[in-house]
Amino acid sequence: MANKKAWKKMREVCIVGVGLHKFGRWPDKSVGDLVRVAMQAALADAGAEFKDIEAGFSGRVQNITGTGQAVFGELGQRGILIDNVEKACASSSTAVRIATWVIGAGLYDVVMCTGVEKMQRGLVTAGGGGPGAPFSYLMGMNLMPAEYAMRARRHMADYGTKAEVFGQVAVKSHKNACMNPMAQYQIDISLDDVMKARLIADPITLYMCSPSTDGASAAVLCAKEVAHRFKGQPITIAGWASGTPEYHPRSVGGDVAEGFIARLAKEAYDLADVGPEDIKVAQVHDAFAPGEVFAIEELGFCKAGEGGKFVWEGKADITGEHPVNTDGGLESRGHPMGATGIAQMAEIVAQLRGTAGPRQIPGNPKVGLTHNVGVGGCNVFVFKK
Amino acid sequence: MTQEASPRKQKPLKPGIFSMPEKPGEKPHLVASKCSQCGTYFYPQRVVCLNCGTETLKEAPLGGRGKVYTYTIARQQLPGALVKVPYAIAIVLMEEGCQVHTVITEDYEKVAVDQDVEVYFEKVSEDAEGNDLLSYKFRAVKG
């Protein structure tokens with residue numbers, strides 16, 4: 001875990017601008033086309049120009065090599081540092097974490113981070129079949145939703161959780177996305193629609209799965225002490241934690257390894273000097289709907305085993321005590337893997353600034369959180385205004 | 001049954017996933033790594049112990065019995081996989097304490113958390129020379 005004393009000695013880092021390219025399917029647009037729009041939106045939001053950017057960190061998962069050089073090249077060739085960052089579905093939040101180091105240490109004042117993905121329709125598979133495929137793939141075990149489904153099944157056995165509560169996550173996400181013009185899907189669906197949809201990996205149905213998505217996200221970050229140069233209202237990165245699951249034989253492992261999010265949440269809360277009760281809005285990694293229930297529990301919004309009830313009773317709704325995935329989450333906003341982390345942050349920035357429009361949570365929220373997982377590596381961030 | 005004349009060989013689908021019998025009458029079995037220091041088992045085999053960090057792991061057979069830690073029923077076909085939906089994917093906690101990830105095709109609808117299961121070996125494919133390629137699977141312990 002990060003050394004708190006060292007963190008407190010670093011300069012405060014904030015986000016002054018965020019931008020997205022609308023998530024969806026964009027077969028006629030290149031990766032550069034998608035990110036350019038997101039970067040221009042982030043610069044406009046910050047009131048910054050590309051010449052203000054001193055370094056760039058680019059998150060992407062598939063075909064990442066050279067992406068950063070190409071996408072930043074869309075706006076100009078100014079000789080700046082550009083790094084490509086890959087941490088599966090947590091790539092762009094990792095880019096932001098790296099930006100906090102270089103700004104916090106005083107090496108750079110203003111940095112832009114981006115995320116992008118153009119995905120194939122259908123299942124995300126590691127390679128596909130054929131004699132060269134690994135054993136676990138050939139034997140049908142590398143089904144991505146199976147990981148979430150297996151932890152869901154264990155949750156159901158341990159706590160009596162009903163499959164319908166996972167369905168309710170999808171209902172809420174879709175409802176929230178109807179108020180988000182940047183989301184991939186604006187479709188209001190009922191619990192009945194979710195539960196009667198095609199089963200993918202029991203208890204996960206089609207509507208409980210994040211879609212494949214094309215999209216891009218960007219954020220302008222700077223040292224708090226230079227934020228006055230920009231018009232965008234700064235939102236401070238108050239703390240973060242990042243890590244991977246510890247070895248335990250009684251665990252599903254991977255993205256949904258039991259206990260590791262709780263550990264990271266504690267670390268992030270400690271750096272930010274907050275507790276779970278202070279988190280007024282959270283964007284969590286619901287690649288599959290049960291993921292939201294596990295995250296709600298491990299982030300400490302309720303006790304272990306009560307996450308389903310929490311969602312069922314509306315406590316994660318926009319009007320609830322801990323609104324979660326106010327922009328529709330991965331399920332309905334869409335999940336262009338490399339772009340997801342910064343898209344989550346863009347929503348927290350909007351909510352804390354009070355500019356989230358029809359999906360704005362009430363009560364002038366001051367603290368928000370993002371939880372972004374990529375193949376068993378997780379970034380938890382706490383933001384303050 | 002047209003190739004009776006040349007007896008087929010049986011091989012694991014991928015090397016190292018289990019051990020084929022060397023003498024008549026023996027059965028195939030899963031081969032794990034067991035730490036000589038702390039006694040922890042791992043499957044599949046590995047070099048460094050995740051529990052105590054030493055490199056004293058030795059090959060050790062697994063008895064083949066365990067309980068379902070958790071499972072799901074796969075309904076979406078993985079393109080190119082040898083197992084066809086529907087089937088169960090399960091994590092089995094073996095009596096030796098390690099996990100084995102498996103598919104369950106026999107009575108997959110009856111799989112449940114904490115169910116007692118045992119390993120068996122079944123042909124899942126053939127290689128270019130016409131040999132049978134076997135995989136392990138699990139099924140409910142009968143009786």
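Guide: The secondary structure of chain A comes to 13 helices and 11 strands; the model is a predicted one. Of the 385 residues in chain A, 58% count as buried. The C-alpha trace of this chain spans about 55 × 50 × 40 Å along its principal axes. A compact globule with 385 residues would have a radius of gyration near 21 Å, and the 19 Å of chain A agrees with that. Among contacts in chain A between residues at least 6 apart in sequence, 77% join residues at least 24 apart.

The part to look at is helix α9 of chain A, residues 260-272. The buried residues of α9(A) are A:Phe260, A:Ile261, A:Leu264, A:Ala265, A:Ala268, A:Tyr269, A:Leu271 and A:Ala272. Seen down the helix axis, these buried residues fall within an arc of 165°, so they line one face of α9(A).

What lies over that face? After the helix comes A:Asp273, with a positive phi, near 55°.

Chain A also has a partner: 30 of its residues are in contact with 30 residues of chain B. On the side of chain B that touches chain A, β6(B) gives the most, with 6 residues.

Conventions
Residues are numbered from 1 along each chain as its sequence is written. Chains are lettered from A and ligands numbered from 1 in the order in which they are written. This is a predicted model: local features need pLDDT of at least 70, side-chain atom pairs count only at pLDDT 80 or more; totals for chains, interfaces and linings use all residues. Two residues are in contact if their C-beta atoms, placed from the backbone, lie within 7 Å. Helices (H or I, at least four residues) and strands (E, at least two) are DSSP runs, numbered from the N terminus. The expected span of a helix is 1.5 Å times one less than its number of residues. A residue is buried if 20 or more other C-beta atoms lie within 10 Å of its own, exposed if 12 or fewer, and partly exposed in between; C-beta atoms are placed from the backbone. The arc is that of the directions from the helix axis to the C-beta atoms. The radius of gyration is taken over C-alpha atoms; the globule rule is 2.2 Å times the number of residues to the power 0.38.
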